[in-house]
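Here is a short report for a reader meeting this chain for the first time. Keep the sequence and the model in view while reading.

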Amino acid sequence: MKRQILLGFLLLLSLCASAQSIEQSVRQDRAGQGHVDLHIATAVHLAMTKPLNARVDEQESETLEDKIRKAREFRDAEKVKARGYRILVYAGGNKRSDKEKVEQVGEQMKRLFPLYPVYAHFESPRWVCRLGNFTKREEANEVLQEVRDAGYRQAIVTEGVILIAK
């Protein structure tokens, strides 16, 4: 039994080490072999790079639970309009292909950032995809960095009307 536990632990340790080396090798550009963009969610990246013996910070887990609770409360609550910030992830033209691209980006934002509302719609004269309802610019800037890390380098914080829970 002890051997099986030790063997399992060593296998898990080697998988974490190989995941880091795979990530590094994929990110390297090689002449004549093309280019690979690797998008890794922050939580996955932390799980891959955090030492196995590191203790989970209680404040981190509470923060995630708080975010999930707030997202559910927002979804179910009555909303009012207010001044605030959203992240402009994508702005296209007014063609059908732009609409398809906005829908594609919107779906990807929903997968990558499930705690934030995604707004993909036509705003004359173009299709746009925005993320979140932030009352403080600092909050928006924190999420903006995560959006940029996910490969959307052109994303910016915009000011405007947002929805907040009443």
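Thr158 is found in strand 4. Is Thr158 buried or exposed? Its relative accessible area is 16%. Buried means under 20%, so Thr158 counts as buried. Leaving out residues up to four places away in sequence, Thr158 touches Gly84, Tyr85, Arg86, Leu88 and Arg130.

## The chain as a whole

This is a predicted model. The chain holds five helices and four strands. From the N terminus on, the order of elements is α-α-α-β-α-β-β-α-β.

The chain has 166 residues, and 23% of them are buried. Take the contacts between residues at least 6 apart in sequence: 69% of them join residues at least 24 apart.

## How the strands pair

Strand 1 covers residues 79–91, and strand 4 covers residues 156–165. These two pair in the antiparallel sense over ten bridges. Within this pairing, Ala82 stands opposite Ile162 of strand 4.

Strand 1 also pairs with strand 3, residues 126–134. Those two run antiparallel and are joined by five bridges. Here Ala91 stands opposite Val128 in strand 3. Strand 3 has another partner in strand 2: six bridges link them, again in the antiparallel sense. The bridge partner of Ala120 is Cys129 in strand 3.

## The turn between strands 2 and 3

How many residues does the hairpin from strand 2 to strand 3 pass through? The hairpin joins them through two residues. Pro125 is found in this loop. The peptide bond from Ser124 to Pro125 is cis, with omega near 10°.

## Helix 4

Helix 4 runs over residues 96–112. Its 17 residues should span 24 Å at 1.5 Å a residue, and its end C-alpha atoms are 24 Å apart, so the two values agree. Its buried residues are Asp98, Val102, Val105, Gly106 and Met109. They cover an arc of only 105° around the axis, which puts them on the same side of helix 4. An α-helix has 3.6 residues a turn, so residues three or four places apart point the same way.

What covers the buried residues of helix 4? The cover includes strand 1, strand 2 (118–123) and strand 3. The face turned away from the buried side carries the exposed residues Arg96 and Arg111. Lys101 is also found in helix 4. At 33% relative accessibility, Lys101 counts as partly exposed. The C-alpha atoms of Lys101 and Trp127 are separated by 8.8 Å, although the two residues are 26 apart along the chain.

## Helix 5

Helix 5 has 13 residues. From first C-alpha to last it reaches 18 Å, close to the 18 Å expected at 1.5 Å a residue. Ala140, Val143, Leu144 and Val147 are its buried residues. Seen down the helix axis, they fall within an arc of 115°, so they line one face of helix 5.

Those buried residues pack against strand 1, strand 3 and strand 4. On the other side of helix 5, Glu138 and Glu142 are exposed. Just after helix 5 comes Gly151, with a positive phi of about 110°.

## The nonpolar core

The largest nonpolar core has 20 residues. Which residues have the most contacts inside it? They are Ile87, Val89, Met109, Leu131 and Val147. Strand 1, helix 4, strand 3 and helix 5 (137–149) each supply at least two residues of this core.

Met109 is one of the buried residues of helix 4. Setting aside neighbours within four places in sequence, Met109 is in contact with Val89, Pro114, Val118, Cys129, Leu131 and Tyr152.

## Helix 3

Leu64 is found in helix 3, residues 58–76. Its relative accessibility is 47%, so Leu64 counts as partly exposed. Leu64 and Leu115 lie 51 residues apart along the chain, and their C-alpha atoms are separated by 9.5 Å.

Definitions and conventions. Residues are numbered from 1 along each chain as its sequence is written. This is a predicted model: local features need pLDDT of at least 70, side-chain atom pairs count only at pLDDT 80 or more; totals for chains, interfaces and linings use all residues. Side-chain values use heavy atoms; hydrogens and water are left out. Two strands pair if DSSP finds at least two bridges between them. The expected span of a helix is 1.5 Å times one less than its number of residues. Buried means under 20% relative accessible area, exposed over 50%, partly exposed in between (1.4 Å probe, protein chains only). The arc is that of the directions from the helix axis to the C-beta atoms. Contact means heavy atoms within 4.5 Å. A nonpolar core is a set of buried Ala, Val, Leu, Ile, Met, Phe, Trp, Tyr and Cys residues joined through side-chain atoms within 4.5 Å.
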